[in-house]
Amino acid sequence: MKTEMTKDLKKRVDKYGSVLAAFRSQGGGGKGLMAGGIMLLVCGVLFGGLLMFVKVVGGIVVFAVFAFPGLAMFVPGMVLDKNRQAGYLEYYQKQTGYSLEELREADRELLSPDAVKVISKTNRSAGKQETVFFITPHYFLSIWPIYGCYLRKLDDIVAAFYSNEIPGINGYRQNLFIITRQDAQNKGRKNEYTGKQYGGFENGQLTDLKNCREICDEALSEMAARAPHIITSQYIVVKGVKYNLLSMEDWQRDWAYILEE
């Protein structure tokens, strides 16, 4: 469903002044330490406070037993979280290979009112709406839980398509698969069920969405309108040779042939 940002995401974007920074703010070991530290401090206040009504010294001791390790977790967690946020551009630079200026340009486009946001209507979070994709004139962004987000230039993407044909332990999984020029040059990974090679990006968050096909089709439509060169089908024919982009004999060789000019 194409719409505006969810309220929760908009608050985070407004706080950090950046879509990339907002997604990088989720998850991370720092937040886990902070949450654990807060829990211990709360327990110290509750148990220590109750015991103080009976024995003041005992209450102080109980509070200290919880408070010291709580602070020992909270403070380092806060430092880790701040460092994670401060280095968000460097993180995405390593992930994408793009320059800092290209990432800033991406952020400007993502913040634009013209950026298309695709939101899931039914997801794992008890039916809560959640932004899944951003599509701008030059960039595609997919939410990547914990780590932040997957960002690529539309010009770098050679194929983007929905599929529910990747075998897994719990049956076939569905997703929007993204294959870039960079992916095509890398060594493909072997599918342990089919023995064939495949590669690219898939977002684990989408697998459990009931309306996965619908939101993937919306994203593909927007991407193809901006970048007509993108292959939007899993099955293609090149010079009479049939290819399944998720089950290839030799990933690098086959893609070199497909992209041959």
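Student: Which residues does Tyr162 touch, not counting residues up to four places away in sequence?
Tutor: Let's start by placing the residue in this predicted model. Tyr162 is found in strand β6, and at 13% relative accessibility it counts as buried, because the cut-off is under 20%. Leaving out residues up to four places away in sequence, Tyr162 touches Gln174, Asn175, Leu176, Cys212, Arg213, Cys216, Leu220 and Gln234.

Student: How many Å separate the C-alpha atoms of Tyr162 and Ala219?
Tutor: Look at helix α8, where Ala219 is among the buried residues. Along the chain, Tyr162 and Ala219 are 57 residues apart.

Student: Is Phe161 buried or exposed?
Tutor: Phe161 lies in strand β6, residues 157-166. Among the residues it touches are Phe177, Leu220, Thr232 and Leu246. Its relative accessible area is 0%, and the cut-off is under 20%, so Phe161 is buried.

Student: How far apart in space are Phe161 and Cys216, C-alpha to C-alpha?
Tutor: Cys216 is one of the buried residues of α8. In sequence, Phe161 and Cys216 are 55 residues apart. From C-alpha to C-alpha, the distance in space is 7.8 Å.

Student: What length does helix α8 reach from its first C-alpha to its last?
Tutor: Helix α8 covers residues 212-226, which is 15 residues. At 1.5 Å a residue, 21 Å is expected. The helix comes close to that, reaching 22 Å.

Student: Why do the buried residues of α6 line one face of the helix?
Tutor: Helix α6 has 12 residues, 100-111, and its end C-alpha atoms are 16 Å apart, which agrees with the span it should have. Its buried residues are Leu103, Ala106, Asp107, Glu109 and Leu110. Seen down the axis of α6, these buried residues line one face because they fall within an arc of 165°.

Student: What covers the buried residues of α6?
Tutor: Both helices and strands take part in the cover. The helices include α2 (19-24) and α5 (88-96). The strands include β3 (130-135), β4 (139-144) and β5 (148-153).

Student: How many aromatic pairs are found in the whole structure, and what is the geometry of Phe23 and Phe134?
Tutor: A search of the whole structure finds seven aromatic pairs. For Phe23 and Phe134, the ring centres are 6.2 Å apart and the planes are at 80°. Planes over 60 degrees apart count as edge-to-face, so the pair of Phe23 and Phe134 is edge-to-face.

Student: Which parts of the chain does that pair link?
Tutor: Phe23 is buried, with a relative accessible area of 2%, and Phe134 is buried too, at 0%. The two residues are 111 residues apart, so the pair links distant parts of the chain. Those parts are helix α2, which holds Phe23, and strand β3, which holds Phe134.

Student: What kind of aromatic pair do Trp251 and Trp255 form?
Tutor: Trp251 and Trp255 both lie in helix α9, residues 251-258, four residues apart, about one turn of the helix. Both are buried. Their ring centres are 6.0 Å apart and their planes are at 70°, so the pair is edge-to-face.

Student: Within what arc do the buried residues of α9 fall?
Tutor: The buried residues of α9 are Trp251, Asp254, Trp255 and Ile258. They line one face of the helix, seen down its axis, because they fall within an arc of 95°.

Student: Which elements do the buried residues of α9 pack against?
Tutor: One of these elements is β6, the strand that holds Phe161. The others in the packing are β7 (173-180), α7 (181-185), β9 (197-198), β10 and β11.

Student: Where is Lys239, and is it buried or exposed?
Tutor: Lys239 has a positive phi of about 50° although it is not a glycine. Most residues other than glycine have a negative phi. Lys239 has its place in the loop between β10 (235-238) and β11 (241-244). With a relative accessible area of 62%, against a cut-off of over 50%, Lys239 is exposed.

Notes
Residues are numbered from 1 along each chain as its sequence is written. This is a predicted model: local features need pLDDT of at least 70, side-chain atom pairs count only at pLDDT 80 or more; totals for chains, interfaces and linings use all residues. Side-chain values use heavy atoms; hydrogens and water are left out. The expected span of a helix is 1.5 Å times one less than its number of residues. Buried means under 20% relative accessible area, exposed over 50%, partly exposed in between (1.4 Å probe, protein chains only). The arc is that of the directions from the helix axis to the C-beta atoms. Contact means heavy atoms within 4.5 Å. Rings of Phe, Tyr and Trp (its six-membered ring) pair if their centres lie within 6.5 Å; planes under 30 degrees apart count as stacked, over 60 as edge-to-face and the rest as tilted.
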